[in-house]
Amino acid sequence: MAAEIIVDIVKAFPDRLAVQASFRLALEPPSVLVLFGPSGSGKTTILRCLAGLEWPERGTIRFGAETWVDAASGIRRPPQQRGIGYMSQDYALFPTYSVAGNIAYGLGPLPEAERQQRIREAVGLLQLQGTEGLRPAQLSGGQQQRVALARALARRPRLLLLDEPLSALDLPMRSRLCGELRSLLKQLAIPSVVVTHDWEEALALGDRMVVLREGQVLQEGTPQQVFNRPRDADVAKIVGMETVMPGRIVEASEGLVTVEVERRRLVAVGGDGIGPEVFVCIRAEDILLEAASTGTTSARNQLAGTVREVAPMGALVRVEIDCGFPLSAMVTRSAVEDLHLSPGVPVVAAIKAGSVHLVPRRSNGGPVNA
Amino acid sequence: MNWMAILVTLKLATLTSLILVMIGLPLAYWLAFSRWRWKFLVESVVALPLVLPPTVLGFYILVAIGPHSPLGRFYADLVGHPLPFTFEGLLLASVLYSLPFAVQPFATAFGQVDRRLIEASWTLGLSRLKTFFKLIVPMSAAGVITGAVLSFAHTLGEFGVVLMVGGNIEGVTRTVSIDIYDEVQALNYAGAAGTALFLLVVSYTVLLGVYAMNRKVWAVWPQK
């Protein structure tokens, strides 16, 4: 049997819903699991159980051949003995230590030469040269995040646990560091569990994804599977992005880029500094359906296709279209009647360039340039 | 000025302060981090010397270490002489009397260390003990110094407990406050004035240091 992390736990709270989670993550090859869900869904609790900072009332956590938690037989491996790298949402840098001191903090048992070597490595890896002597309070948010990562990585953890690694940063910095973090995780090749509520981060960072709500696992799969084929309306609502397709940027000019998806071309806004490999993401609500192309709309993208499926979802109807690639649109019931939408009917999907979101994606096996 | 009394007092205050750092740190750690539901019982006991008249505290200590108590007999058998009216007995009484002045600042400072920093230390492989010395104590430095200095200053000025437990033995248990009292009883106001001024200056200087440190008046570095 391949080595994996097996989590099957129940953690009760006196004042809110219990968290119940069951999932696995293969350790070989190392991959990144994203715990995804709105706040209060229990994702941080699960991460803290993995770190040994919370103890589930029931269940087990196994790491390869090791048992970290077995509530029934009272096994509780403390955080010190798990060989993990844990980064909390606010980074928790030690204010009484310098950057180098923070990085060296967990390297106590090593000989001095080895310790210096590890510090140099971590500083180099996260490009912290020149900040070694500074205190955490003197650093920018992005630098603090890198110091926290460097500190966690210097011990060469067997498992990396990141709680909302980018949420403490402001928006422009977040998307840039998201790309950096993704390259870093790939470069490190350490099994990782990342908690996030941001769909872009989930898509960019995760090899696998567990969707949580109110302490329950709703769906598990690759991010693309989860986004494109949400198990039910709850998952669809939580992820909020119904069409996610791998694409490739083929042209960029004047703030617009042209992306090729399954030999169809789409125009999107922005895309500076990402790609060429991207995920093309479109919200179902952002798609207009027309009976035939009028050719005079302001929408940059007009995709002719055929209706595959029509599924009512509450007040709206979800229309699955094949336009060279599967596309999900959300329209009203009256629109379905007016356009006579049913499987096999030809239709044109109009999408504004601004509604086509691009998220960096790694090309198969190749290096990533974020 | 009675230099002998000053010497006894400084020795007593220094040793009391040292002992309180040693037993106060673990006690304060427990008070700050234990989740035991009956913890308040211990907290109240630690705070008792703040409100009890020193004579009451002194009385109980005297009874507890006297030759009629098991503790007193055990000590007398072990060392060869009874504990009351010795420097050691006085030291024990001082430690109990100044306990809250050390433990409360320690515990308050420990309690202010962000839990997330402590957890980060654990995940970096440091045991609870190592986390205490490498993270919690350095982050609580001001509180630890405050506790040590306050217990020192408090011991300088103790009177009732010394009278009850220490007696008034020149060079052994006669402290500054007792000496001043004796001088006044003997109508030697000049002698009392010198010693009293000395005590005032030392106490004020020590407190100045503590309050200045906690206000960070010397800090030129931008604080955050």
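A residue is called buried if 20 or more other C-beta atoms lie within 10 Å of its own, exposed if 12 or fewer do, and partly exposed in between, with C-beta atoms placed from the backbone. By that count Gln89(A), with 16 C-beta neighbours inside 10 Å, is partly exposed. This is a predicted model, in which local features need pLDDT of at least 70, side-chain atom pairs count only at pLDDT 80 or more, and totals for chains, interfaces and linings use all residues. Residues are numbered from 1 along each chain as its sequence is written, while chains are lettered from A and ligands numbered from 1 in the order in which they are written.

**Confidence in chain A**

- The pLDDT, the predictor's confidence in each residue from 0 to 100, has a mean of 88 in chain A, where 95% of residues reach 70 or more.
- Residues 364-370 of chain A have a pLDDT below 50, and beyond near neighbours in sequence this stretch has nine contacts in the model; two residues are in contact if their C-beta atoms, placed from the backbone, lie within 7 Å.

**Chain B and its side towards chain A**

- Chain B holds eleven helices and zero strands; helices (H or I, at least four residues) and strands (E, at least two) are DSSP runs, numbered from the N terminus.
- The C-alpha trace of chain B spans about 65 × 50 × 30 Å along its principal axes.
- Buried residues make up 40% of the 224 residues in chain B.
- Of the contacts in chain B with a separation of 6 or more, 75% are between residues 24 or more positions apart.
- Contact between the chains involves 14 residues of chain B and 16 residues of chain A.
- On the side of chain B that touches chain A, α6 (115-123) and α7 (128-139) of chain B each supply at least two residues, and α6(B) gives the most, with six residues.
- By class, this side of chain B has eight nonpolar, three polar and three charged residues; Ala, Val, Leu, Ile, Met, Phe, Trp, Tyr, Cys and Pro count as nonpolar, Asp, Glu, Lys and Arg as charged, and the others, Gly among them, as polar.

**The nonpolar core**

- A nonpolar core is a set of buried Ala, Val, Leu, Ile, Met, Phe, Trp, Tyr and Cys residues joined through C-beta atoms within 7 Å.
- The largest such core has 164 residues, of which Leu35(A), Ala150(A), Leu161(A), Val280(A), Ala329(A) and Ala349(A) touch the most other members.
- Helix α5 (residues 87-111) of chain B gives the most to this core, with 15 residues.
- Leu47(A), Leu50(A) and Ala51(A) are among the buried residues of α1(A), a helix (residues 43-51) with eight of its nine residues buried.
- Gly52(A) follows α1(A) and has a positive phi, near 85°.

**The five-stranded sheet of chain A**

- Five strands form an open, antiparallel sheet in the order β14-β13-β12-β15-β21 (chain A); two strands pair if DSSP finds at least two bridges between them.
- β14 (264-269) and β21 (356-360) of chain A stand at the edges, each with a single partner strand, so one side of each has no neighbour in the sheet.
- Strands β12 (residues 243-253) and β15 (residues 277-282) of chain A are joined by six bridges, and Val244(A) has Cys281(A) as its bridge partner in β15(A).
- Five bridges join β12(A) to β13(A), with Glu251(A) partnered by Thr258(A); in their hairpin, which has two residues between the strands, Glu254(A) takes a positive phi near 50°.
- Six bridges join β13(A) to β14(A), with Val259(A) partnered by Leu266(A).
- Strand β13 (residues 256-261) of chain A has Val257(A), Val259(A) and Val261(A) on a covered face, and Leu256(A), Thr258(A) and Glu260(A) on an uncovered one.

**Pairings of β17(A)**

- Strand β17 (residues 301-313) of chain A pairs antiparallel with β20 (residues 346-351) of chain A over six bridges, and Gly305(A) stands opposite Val347(A).
- β17(A) also runs antiparallel to β18 (residues 316-322) of chain A, joined by seven bridges.
- In the hairpin of β17(A) and β18(A), Gly314(A) takes a positive phi near 65°.

**The surroundings of Gln89(A)**

- Gln89(A) is found in the loop between β7 (84-87) and α2 (99-104) of chain A.
- Not counting residues up to four places away in sequence, Gln89(A) touches Asp163(A), Glu164(A), Ser167(A) and Ala168(A).
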